[in-house]
Amino acid sequence: MSKDSSERLRRLPAIEKLVSDPLVASLGAAVPRSILLQAARSVVDRLRERSSSGEPLTDSDLSLESVAAAVRDTALRMARNSLRRAINATGIILHTGLGRAVLSDAAREAVMQVASGHSTLEIDIESGSRGSRSAHYSCILSQLCGAEAALAVNNNAGAVLLALNTIALGREIIVSRGQLVEIGGSFRMPEIMSRAGAKLVEVGTTNRTRISDYELAITENTGMLLRVHPSNFRIVGFAQDASLFEISDLGKRYSIPVMDDLGSGALLDLSSFGMRAEPLVAESLRAGADIVTFSGDKLMGGPQAGLIVGRRELVDAMAVNPLARALRLDKLVLAALEATLRLYLEPETLAATLPSIRCITRPADEVTAEVTRLKKRLDSLRLPDVHTAMLDGSSEVGGGSLPGEQIPTTLLAVTKTDLSPDAIALAFRHNDPPILGRVANDAFLLDLRTVLPGEPDQIVKAASGIFQN
Ligand SMILES: *Cc1c(COP(=O)(O)O)cnc(C)c1O
């Protein structure tokens, strides 16, 4: 540490004094004192580190005014929740980093009700005795999928783990090589299988697997035939996989359970909304799968959950596996799940009631009109050196759903003469609420397809704060 800056660092007021500086003290009761002290210590520690790493500190770095301002900013950041609402202007509808599906009004209301008091979580109202958590959703879910039985756990990774462990513990599971996928967040099928206590038997090649490959691999120790929907990629060209129908037929001939991990299975045929069809859960069951697993917060548009539907004896066996207790759903999620499923009982209104379906099906010209309005509002602020432009682009469903499907959209490109697109993106992320866009074409891009009603106002406010000075 240079003698000079260490000397000046020593002259900084003590921590106790720093937090009573008017700039910091004006935060008042909004920030607990413990956080003010922690913020002051962290700011001073950071200055010490910079100084001892040889970085020359200027007088202004070390002025009481600048240190107090840094303490104030740090304290404000520490005082607010880390997990908070954010604005998704990325155009990725089911963005895992941004919490995947936005809940419907009905699901939000159900969560509020259950969170605000006691609930009927495990009470049978008729008898007054202990009931079952799964009673709240199992009938509707089975009915929507045309399944004998249904069970919901923490997420689809958990659903797969529970199913493999229940059905194939200590046995072999046959999977096509082309389906040994990694889904974001280190969900790798081979690893889940070994943790579930099952042995992976790979058949076929990356791009071609025939039903005869499965049949040749069957031994007396085969516990399951598994198909995995390769959610987040597509093999195009010389590619072929055995159909679920063929695999199910083979399973029946050898009395081996067949499972289909759909990932983002749809409860509803989206082609009626002009989308390429994502596999329907009901179709997998009709094709003969004994068990189908899928996520609650992908295309289904509900809370994070793993949904398991299929043959009653298999689902019942999963429900009594001790792992099911470790993977069980929380009451807030159950409330959101039941309310979301009930929306599917009126499929004709889903495009209005379910935010993810609304985003997917929103007509491109409606998005364009919204972008035009936003551009006008930003331009009328006359922000110095800021330019806006409208561009054609495409949104994506995300969440491993409909890979490669591009949804036409309109983007608002924002640039500033002396600021890089990355710096603009960072400033928008620092906004409260954080606003996430994309950086491409040498610009910061906002895709309004995924921006919810009311949020454009916040984008205008953020832009005026970021660019006004
Ligand atoms: C997304 C996905 C999973 C994991 O689901 P989570 O709900 O994120 O745990 C598993 N399998 C497939 C095929 C998927 O697409």
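## Cavity, sheets, helix packing and pocket

Ala 266, Leu 267, Leu 268, Leu 270, Leu 299, Tyr 344 and Ile 357 line the largest cavity. The model is predicted, so local features need pLDDT of at least 70 and side-chain atom pairs count only at pLDDT 80 or more, whereas totals for chains, interfaces and linings use all residues. Residues are numbered from 1 along each chain as its sequence is written, and side-chain values use heavy atoms, with hydrogens and water left out.

**Cavity**

- On a 1 Å grid over the protein atoms alone, a cavity is a set of points where a 1.4 Å probe fits but cannot get out, and lining residues have an atom within 4 Å of a point.
- One cavity of 30 Å³ or more is found in a search of the whole structure.
- The largest cavity holds about 40 Å³ of space, a volume being the space filled by probe spheres set on grid points that are joined across faces, edges and corners.
- Its lining comprises seven nonpolar, no polar and no charged residues (Ala, Val, Leu, Ile, Met, Phe, Trp, Tyr, Cys and Pro count as nonpolar, Asp, Glu, Lys and Arg as charged, and the others, Gly among them, as polar).

**Seven-stranded sheet**

- An open sheet of seven strands has the order β3-β11-β10-β9-β8-β4-β7, with mixed pairing (strands are DSSP runs of E, at least two residues, and helices are runs of H or I, at least four, numbered from the N terminus; two strands pair if DSSP finds at least two bridges between them).
- At its edges stand β3 (149–153) and β7 (199–203), each of which pairs on one side only.
- Five bridges join β4 (residues 172–176) to β7 in the parallel sense, and Glu 172 has Lys 199 in β7 as its bridge partner.

**Helix α8 and its neighbours**

- Helix α8 (residues 156–168) lies across β3, β4, β8 (222–228), β9 (258–263), β10 (291–295) and β11 (306–310), and runs at about 155° to β8.
- The axes of α8 and α13 (residues 312–319) come within 9 Å and cross at roughly 105°.
- These two helices, α8 and α13, are therefore roughly perpendicular to each other (the class covers 65 to 115 degrees; angles under 35 count as roughly parallel, over 145 as roughly antiparallel and the rest as oblique).
- Leu 162, Ala 163, Thr 166 and Ile 167 of α8 meet Leu 314, Ala 317 and Met 318 of α13, contact meaning heavy atoms within 4.5 Å.
- This contact of α8 with α13 has six nonpolar, one polar and no charged residues.

- β13 (residues 407–416) and β16 (residues 443–447) pair in the antiparallel sense over four bridges, and Leu 412 stands opposite Leu 446 in β16.

**Largest pocket**

- A pocket is an open set of grid points with protein on both sides within 12 Å along at least five of seven lines, and the largest has a volume of about 1,100 Å³.
- Of the 41 residues in its lining, Leu 98, Gly 99, Ala 101, Val 102 and Leu 103 lie nearest its centre.
- By class, the pocket lining has 21 nonpolar, twelve polar and eight charged residues.

Technical notes. Axes fitted to C-alpha atoms, helices over the stretch in contact; angles between N-to-C directions.
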